[in-house]
Amino acid sequence: MAFSANRSNVSGGSPRSATVRLERASSLTSNTSPTHPRSKAIPSATSPGRRPSRNGRDDSGVSGRVRVAVRLRPRNSEELKSDDVADYIELMPELKRLKLRKNNWDFETFQFDEILNETASQKRVYEVVAKPVVESVLEGYNGTVMAYGQTGTGKTFTLGKLGEDDAADRGIMVRAMEDILANASAEQDSVSVSYLQLYLETVQDLLAPEKDNLTISEDPRTGDVSLPGATCVEVRHPKSFLELLEAGEANRIAANTKMNTESSRSHALLLVNVKKSVKAKQEKESTASNENGSSLQLSKSHSLMTIRKSKLLIVDLAGSERVDKSGSEGHLLEEAKFINLSLTALGKCINALAENSPHVPIRDSKLTRLLRDSFGGTARTSLVITIGPSSQHRAETMSTILFGQRAMKVENMVKLREEFDYKSLCRKLEADLDRLIAENERQNKLVLDTEEQLQKRAEEAELTIQQAERKAKVLLEESHAKKLKLQKENLDSIRRLQQECSLLEKELKENAVKLQSEKEAAVVEKEMQIQNERAKKQQEKEEYIEEYQHKLEELNKKFEAERAERESIERRLQEIEDCMEGQNKLELDDQENLNELAKKMEEESHSRERATRELGEWKLQGAFIASNETAGLKDEVKLLKQEIEEQCKQKEVLEKEVKDLKQQMLQLSYDTDETRKVLEKGPTRVSLGAESPMSLSKAHHMRETVNGQRATIAKLFEQVGLHKILSLLESEDVDVRVHAVKVVANLAAEESNQEKIVESGGIVSLLRLLDSSQDDIIRRVAAGAIANLAMTETNQELIMAQNGTRLLVRTANETDDPQTLRMVAGAIANLCGNEKLQARLREDGGIIALLGMARSRHPDVLAQIARGIANFAKCESRAARGQKREKSLLIEDGALPWIVENATNEISAVRRHIELALCHLAQHEVNAVDLIAAGALWELVRISKECSREDIRILATKNITSSSSFQSELKKL
Ligand SMILES: Nc1ncnc2c1ncn2[C@@H]1O[C@H](COP(=O)(O)OP(=O)(O)OP(=O)(O)O)[C@@H](O)[C@H]1O
């Protein structure tokens, strides 16, 4: 039987080699050895109740003081009867203090871990004294619960009470076993007990009474104490434990009877061995490996189990009064040796430990050897000291208390005791190995299978390649044959195409020769046609000239007659002028007289005023004289008035005469206008107007009249003087201005007069009149005069310099009178003929104004516009000769649409001018694109074929053929 569980083989445990003991915190082993004095100065661990943590982290050695509780037994029946009242003890459970009377006036105070009075229940005693130790045992630590006290104070009651009658009486042993069994797994853990008695240094097995002298064994390496021969019974239920305990108690009584001794002389020891399996931590694995110096590597995949082996020792000591009497007091030493050697030895050891003595006499008794781990060892130890209430045992009580005080000073180093379960690990590893071997075999088989498959596939692939090569060879041969065949077909096609090409070339050459001959024939025919037309035109022209010359001669004759008539009118006019001059002189004289008279009257008025002023002074003296003078003056005034009236009458007569003369002059002016109109339509003055429907005879008559009038006017012009006539243009009288401007216009119609008119400032006067007048007749006649003057280059420059273009433009915009517009258009048309002034003319708005006047739609106006455009285009064409030409300003100012629109105007004068203008514009390639866009090309083509004037036709043809743009446009169609 073994006292220590790890040495026990009672239950047929496995061989020792199967387990490896792991001592944690081996560095503290020497300290924990009972053979070495232990230091008391372990500060934090000295606190009562300090326990290793449940999670096992606090698994290195931890110091733990022996905990001591005091329990006071209630008074028994005898004590209750006696007067021996226990007032020598005073318990203070709250303060955990106990006071013991020393004498009548003094108490001694002791501090304990727990104070349990007489009313403390068994349950409370268990929880306070034993439960912490039991829990510690369940966590893998050794534990000791021990009761010490005088006989009859309740040690057995506290520890070994079974509680058959009343469960509340169950003592620490029963309750501890209940807790241990409740926390142990029936499958994995094991709980076994041994129950022993020590009497006079003899260890007896209470579960096997025949074993009455068990040997105590100590492991020299670890110091563990065991009883190899002790009975160790596995316990699974509290009930079986009770039975076991009852049996053990019966054996104890029998043994004591046999040995003729008392139970109070022996120590009862209940040894509970607990084996619990717990999952090992990873760090434990490495530790295990290192400590054993083995190369064993534990797979992390295994959940390694460790076995925690702990033992709980519950010791019901013999009554201590003998110790006290024999050990402490030093008397009756022999008796002590016989009776309770072990208690004495225990007291010494505790003293030594409490006093930190270098020598602890642990080997002095079997009890101290058995309790080696409980005091100064690795177990958690809790001591309950029991005392009685009777003052008769005061000395024993004091002795017990002092024992308890000394025991409190003993410190243990509690250590976790656990081992790896290498058996199960080995089993798991073997299972793993089997599994790995099976896996390896399976993999090998798989590799072999794969290799076979690969070999098979390689052979198949080889076969496929050979087949593909054969197929490729056949296809290559076929392709080569096809290629040769195609090449041959291509060659045949090329030859055929070459033959077709040569045939086509031959055909083309023949067609070209044929076309050339047809073209030449057409040219010859065309030339002949042109020559015929030319001849015909020439003949018509000559006939016309002949007829015209005849008519001209007739007109000249009539003109001579008119001139004679005009001279007579001019003579009459001279007479009238003379008469007017005389009349004017008379008027001037009368005016002087009147002025003189007015002067006299004014002086008289002043005199009268003076007289009036002096009248007050000379009222009396001069009244008479003043009245006479006034009468004289009145008479004089009367005479003068009569004279004035007479002169007025004469003036009226003269004015009537002037009026008549003016009437005559007006008539003359009207006649002049009419004559001029006729003349302007004649061949000598073609600058203005289109052909009139007036009959030739009437025109002739009119021209004769006009010629006569002109002669008269010319005479008048010589007699009156140009300056005077021009000054009349600024007369306030509208009629005078009208007549005067008509006279000037008539004069300007004669080229011979123009120089004089210009020298006399006529252009400026006419422009001023045009600028200032709102009268349509004046503006029309003035514009006509300007138009006539604008026929020469010098005059054109003068007109332009005097801002004439702007005035004409303004007039053109302001009036809708066709005759005025005709004159204005004529004037601008004349200006258009000056190539030096083109830019300025355009800048002053001349072209746009010219085009704007087309709104009139009057044939005469349209003719003048067309003439102006033709003039402009001609000058542009002339100016650009030999220079790089920019686009025509006419095109820039948007004239093309109007030109194209009127290119076929039924009025020949309009049409002819536009045809000319188009030809001039077409001379320059720069205009070609716009001309094509405006449709002018087709007009040019038409002109080249239909124009009545040959020169224009030729010009148009030349333009068309010489323009690459026109040619390409024509080719498109
Ligand atoms: N706390 C208690 N309550 C009631 N009765 C008690 C108590 N303690 C002890 N007794 C009684 O006192 C008597 C003596 O107790 P017990 O036998 O347990 O003492 P003991 O210390 O074990 O004595 P011994 O040393 O001789 O074995 C018993 O009859 C027991 O029932």
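This is a predicted model: local features need pLDDT of at least 70, side-chain atom pairs count only at pLDDT 80 or more; totals for chains, interfaces and linings use all residues.
Figure 1. Among contacts between residues at least 6 apart in sequence, 73% join residues at least 24 apart.

**Figure 2. Asparagine 803, in the loop between α21 and α22.** Helix α21 covers residues 793-801, and α22 covers 804-814. Look at the backbone here: phi of asparagine 803 is near 65°, a positive value in a residue other than glycine. Most residues other than glycine have a negative phi. Is asparagine 803 buried or partly exposed? Asparagine 803 has 13 other C-beta atoms within 10 Å, so it is partly exposed.

**Figure 3. Asparagine 356, in the loop between α10 and α11.** Here α10 spans 341-354 and α11 spans 366-370. Asparagine 356 is not a glycine, yet its phi is positive, at about 60°. Because 15 other C-beta atoms lie within 10 Å, asparagine 356 counts as partly exposed.

Figure 4. Leucine 862 is 43 residues from asparagine 905 along the chain, but their C-alpha atoms are separated by 9.7 Å. Asparagine 905 is partly exposed because it has 17 C-beta neighbours inside 10 Å.

**Figure 5. Helix α31 and its buried side, residues 936-946.** Find Ala936, Leu937, Glu939, Leu940, Ile943 and Ser944, the buried residues of this helix. Their arc around the axis is only 160°, so they sit on the same side of α31. An α-helix has 3.6 residues a turn, so residues three or four places apart point the same way. Exposed Lys945 and Glu946 are on the face of α31 turned away from its buried side. What do the buried residues of α31 pack against? Their partners are α28 (896-901), α29 (908-922), α30 (928-934), α32 (950-962) and α33 (964-972).

**Figure 6. Helices α20 and α23, whose axes come within 8 Å.** Helix α20 takes in residues 776-789 and helix α23 residues 818-832, and their axes cross at roughly 25°. Angles under 35 degrees count as roughly parallel, and α20 and α23 are therefore roughly parallel to each other. The crossing of α20 past α23 is left-handed. On the α20 side, the contact includes Asp776, Arg779, Ala783 and Ala787. On the α23 side, Gln819, Met823, Val824 and Asn830 are among the residues taking part.

**Figure 7. The largest nonpolar core, with 92 residues.** Ile180 and Ile314 touch the most other members of this core. Helix α3 (residues 122-138) gives the most to the core, with 9 residues. Zoom in on isoleucine 314: leaving aside neighbours within four places in sequence, its contacts are Val145, Leu159, Ile172, Met173, Ala176 and Leu270. Another core, of 81 residues, lies apart from this one, and Leu769, Leu770, Val824 and Ala917 are among its members. In soluble globular proteins, nonpolar side chains tend to be buried together.

Definitions and conventions: Residues are numbered from 1 along each chain as its sequence is written. A residue is buried if 20 or more other C-beta atoms lie within 10 Å of its own, exposed if 12 or fewer, and partly exposed in between; C-beta atoms are placed from the backbone. Helices (H or I, at least four residues) and strands (E, at least two) are DSSP runs, numbered from the N terminus. The arc is that of the directions from the helix axis to the C-beta atoms. Two residues are in contact if their C-beta atoms, placed from the backbone, lie within 7 Å. A nonpolar core is a set of buried Ala, Val, Leu, Ile, Met, Phe, Trp, Tyr and Cys residues joined through C-beta atoms within 7 Å. Axes are lines fitted to C-alpha atoms, for helices over the stretch in contact, and angles run from 0 to 180 degrees between N-to-C directions. Angles under 35 degrees count as roughly parallel, over 145 as roughly antiparallel, 65 to 115 as roughly perpendicular and the rest as oblique. A crossing is left-handed if the near helix is turned anticlockwise from the far one by less than a right angle, and right-handed if clockwise.
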